[in-house]
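Subject: Structure for you to look at

Hello,

Here is the structure you asked about. Please open it next to this message, and my notes follow below.

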Amino acid sequence: MGLTLIRKSAGRAPKKNPKIALVLAGGAVTGGAFKVGGVAALEDYLVDRGLCDLDVYVGLSAGALLAVPLAGGIRPDEMMRVLEGTSEEFDQLRPTDFYSPNVSEFARRPFQYAQDVLSYLPRIGQEFLRGLPGLPGAAGASFQRFLRDSSYANFEALVTRLIEHTAPTRSLPAPTDYIPTGMFDNSSLERWLRQNLDRLSMPNDFGAFQRKRGIELYLSACNLDTAERVVFGGDEVNELTIAQAVQASTALPLFYKPARLNGVDYVDGGVRHTANIDVAIEKGADLIICYNPFRPFVNDVDRASAASGSRSGKHLADRGAKIVANQVFRTLLHSRLELGIQRYLADESFQGDIVLLEPHEQDLDFFAMNPLAFWRRSEAMQRGFESVHEAIAGRFDELAEVLGKCGLEMSREAANRRASRRRDEHGWPSPAIPRGESQGTGNLRAVAS
């Protein structure tokens, strides 16, 4: 597990009534399930205050779908039951909620293409006939030059003039303009969340939600037409309901069609930002716990080759295009996050701390897991749970000091008891390696301003 600690409050006395924020990045299905297991493990270490009792919640994409229940008081262990279908508080997130076909576009767009092509063909003949009388005047000079000198340049000029004069003013409809904008429609996710909020008697309005819970909730998406980030919240853009904001934030391009809400097309919040740590900073957070499940894999080719005695098949490219695309996608997201971290370090107005949780950089099994594989959510959840337990156990004292300054007390004993009960509940085996012993000294980086 990667655990990065940015300490800018070092040497400063603990603040009175510190503001604590939980920032949840994207991750699709398996990354979202990985986060559910991870936040459950983090809460195992906390005493007297859990992850539903913080001050600010910021989410995008899959992180938005998780941030809302947490902000609404649904504890991480209950969210684990939601994924497994055993929760009595929240309806299970079913495959039909996630994979809802984009029927309307798949039915409408081919018909529209055929209709536009059929209406185009008669107009070609009409425009060609209208242009014939003026053809001698338009191309006469080019034709005479070609007769005098039949070079390729003069021939090309003649053909160009003929085409310009007789070509239709309208272009032939391109088939690519009629491809559906996404395979699935995530309005089913909006419906699932809206029904569950209603089931809990929880407001679906940002202002009312925040007043009832006494917290701040912010979700982000990307406006497709302007390419700008949109932050939804009680004191931000609040023209959408919470469930609609989640729909906007989770509209993963090409997988889901853009979410058109109140006349605006939104796509996944991860298109614009990897996480929204800056939102938590702007809202005055003193401690920010950020969970990012997408991280590039560090492939140690030399070590793998030494173990096998051959370099064949040890490069990521040898595993095919899917792995290459996965690595590139994660690298782009992670590079943006790293640039953001450097900016927060240089920001003198921010004197708080950031705890960044990520998968271990050499977790090949999780890296190779299809982010959209709904059927692997339980496996991803277990991996997230165990990896966070290992990471915190390996750097307990440093993390306890940081969290303790903001009133979050930690306990090894409580964590071990809770983890044991949780494994029994879910039927998970105990880890083969004692927690904390498998982590090297570089998994937590302390950075001071």
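The count comes to 24 salt bridges, a salt bridge being a side-chain nitrogen of Lys or Arg within 4 Å of a carboxyl oxygen of Asp or Glu. This is a predicted model, in which local features need pLDDT of at least 70, side-chain atom pairs count only at pLDDT 80 or more, and totals for chains, interfaces and linings use all residues. Residues are numbered from 1 along each chain as its sequence is written, and side-chain values use heavy atoms, with hydrogens and water left out.

One of the salt bridges joins Arg-81 and Glu-425, at 2.7 Å from N to O. Arg-81 lies in helix H3 and Glu-425 in helix H17 (residues 412-426), so this pair ties together parts that are 344 residues apart in sequence; helices here are DSSP runs of H or I with at least four residues, numbered from the N terminus. Both residues also belong to a network of salt bridges with Asp-77 and Glu-78.

Arg-94 and Asp-97 form another salt bridge, at 3.1 Å from N to O. Asp-97 is buried, with a relative accessible area of 4%, while Arg-94 is partly exposed at 44%. Buried means under 20% relative accessible area, exposed over 50%, and partly exposed in between, with a 1.4 Å probe and protein chains only.

Asp-397 pairs with Arg-412, their closest N and O atoms being 3.2 Å apart. Asp-397 is in helix H16 (residues 396-404) and Arg-412 in helix H17. Asp-397 counts as exposed at 54%, and Arg-412 as partly exposed at 38%.

Regards

How values were computed:
Helices (H or I, at least four residues) and strands (E, at least two) are DSSP runs, numbered from the N terminus.
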